Amino acid sequence: MNIYDMTYDDLVEYFKTLNLKPYRAKQLYDWLYVKRIKSFKEITNIKKEIVSKLENDFYFDKISILKKESAELVHKYLLKLSDGNTIEAVLMEHDYGTSLCISSEVGCNMGCKFCESGRIKKIRDVTAGEMVEEILVIESDLKIRISHIVIMGIGEPFDNYKNICKFIEIVNNSNGINIGSRHITISTCGIVPKIYEFSEFPYQVNLAISLHAPNDTLRNSLMPINKAYNLKELMKAIDNYIKKTNRRVTFEYIMLDKINDTYECALELASLLKGKNCYVNLIPYNETNNLGYKRSSKENILKFYDTLKKNKIAVTIRREFGRGISAACGQLKTMKEEA
Ligand code: SAH
């Protein structure tokens, strides 16, 4: 088993089966995530017999950097998993810290019409351990510590729910990478049953919903998931989530020229979200060569923003990152494969 797939509690249990005390888990997490060893041989404070047992039961999986593009405050990585599959991760430097956008699946089955990732069908889940490694490999490459994680790369996190929950447990553990749950954001296209399940999740993680349209007709045409779970069902699940967790939800809304950026859309969106503990993040669309959608003009984005504001909806416009380096979800991977 990949050692990075082990939660802290898994290790406590593991050592228990060897009649060893729980503090061994703390020691091992320290070696893995504070000292960042690459092999069990580097361990010095655990008995040789135990180390050989570890070597026997676990391996260090290794993901590697296949390609990297950097612009001012953004570094985009194409990463190779140990079975040869590739995923992307993007590191952004903000004034409040550094956030890493990680991939949760190899490919994606959600098929959103405007998204590059949807063009590559899902091949498999990314494991919890591999998501952990996305952090380790990039921290080591840039010699930085990542303060925030957003699960907004390739894939639909709620289509890989168990691994996502395990990943959060691992990175949040204070003996290991220790990223605060409030610094972790999951973005979903709206898999309703999982939103209910997630409202019981014991970590205070942020939830973002890729909304992108204020009515079913438009949302059906952009996001096939809406045909499975329409806006009424989605909003009901989100109301339940807000009630259970008392947490504010983010709605992401990419601005597509003449598609979802009209005054009518803004009014409809305001009425859909009225009274909810939420805010809207307007995202200037990253145009890609293959999909034919255009980014809304700056002027239209600002008008849309004003209409929401006037209707008392909390709203921000996402700062632009990585436009020059094809940092839109899935772009680096599809470019590489079609080159
Ligand atoms: N499947 C999840 C997470 C991955 S996509 C989800 O749907 O939320 C992360 C976000 O990037 C989503 O809001 C998605 O709609 C958006 N996105 C996809 N392609 C984009 C593009 N070309 N420009 C801007 N945002 C894009």
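In what follows, Ala, Val, Leu, Ile, Met, Phe, Trp, Tyr, Cys and Pro count as nonpolar, Asp, Glu, Lys and Arg as charged, and the others, Gly among them, as polar. With those classes, the shell around the ligand has nine nonpolar, seven polar and two charged residues.

Before I go on, please keep in mind that this is a predicted model, in which local features need pLDDT of at least 70 and side-chain atom pairs count only at pLDDT 80 or more, while totals for chains, interfaces and linings use all residues. Residues are numbered from 1 along each chain as its sequence is written, and side-chain values use heavy atoms, with hydrogens and water left out.

Let me stay with the ligand. It is surrounded by 18 residues, the closest being Glu156, Ser187, Ser210, His212 and Asn286, where a residue is near if one of its heavy atoms lies within 4 Å. Strand 8 (184-188) and strand 10 (249-255) each supply at least two residues of that shell; strands are DSSP runs of E, at least two residues, and helices are runs of H or I, at least four, both numbered from the N terminus. A polar side-chain atom of Ser187 lies 2.6 Å from an oxygen atom of the ligand, and for Ser210 a polar side-chain atom is likewise 2.6 Å from a ligand oxygen. In the side chain of Glu252, an N or O atom is 3.3 Å from an oxygen atom of the ligand. Of the 530 Å² of accessible area that the ligand has on its own, the protein covers 94%, with areas taken from the Shrake-Rupley method with a 1.4 Å probe.

Now to the salt bridges, each a side-chain nitrogen of Lys or Arg within 4 Å of a carboxyl oxygen of Asp or Glu; the structure holds 20 of them. One joins Lys53 to Asp57, with the closest N and O atoms 3.0 Å apart, and these two residues are separated by about one helical turn because they stand four residues apart in helix 3 (residues 48-57).

In another, Lys76 and Glu88 meet at 2.7 Å, N to O, and this pair links distant parts of the chain, from strand 2 (residues 74-80) to strand 3 (residues 86-94), 12 residues apart. Are Lys76 and Glu88 buried or exposed? Both are buried, that is, under 20% relative accessible area, whereas exposed means over 50% and partly exposed lies in between (1.4 Å probe, protein chains only).

Finally, Asp159 and Lys122 form a salt bridge at 3.2 Å between the closest N and O atoms, and Glu105, Lys122, Asp125 and Asp159 are linked in a network of salt bridges.

Terms used: Polar contact = N/O pair within 3.5 Å; in protein donor to acceptor, adjacent residues only side chain to side chain.
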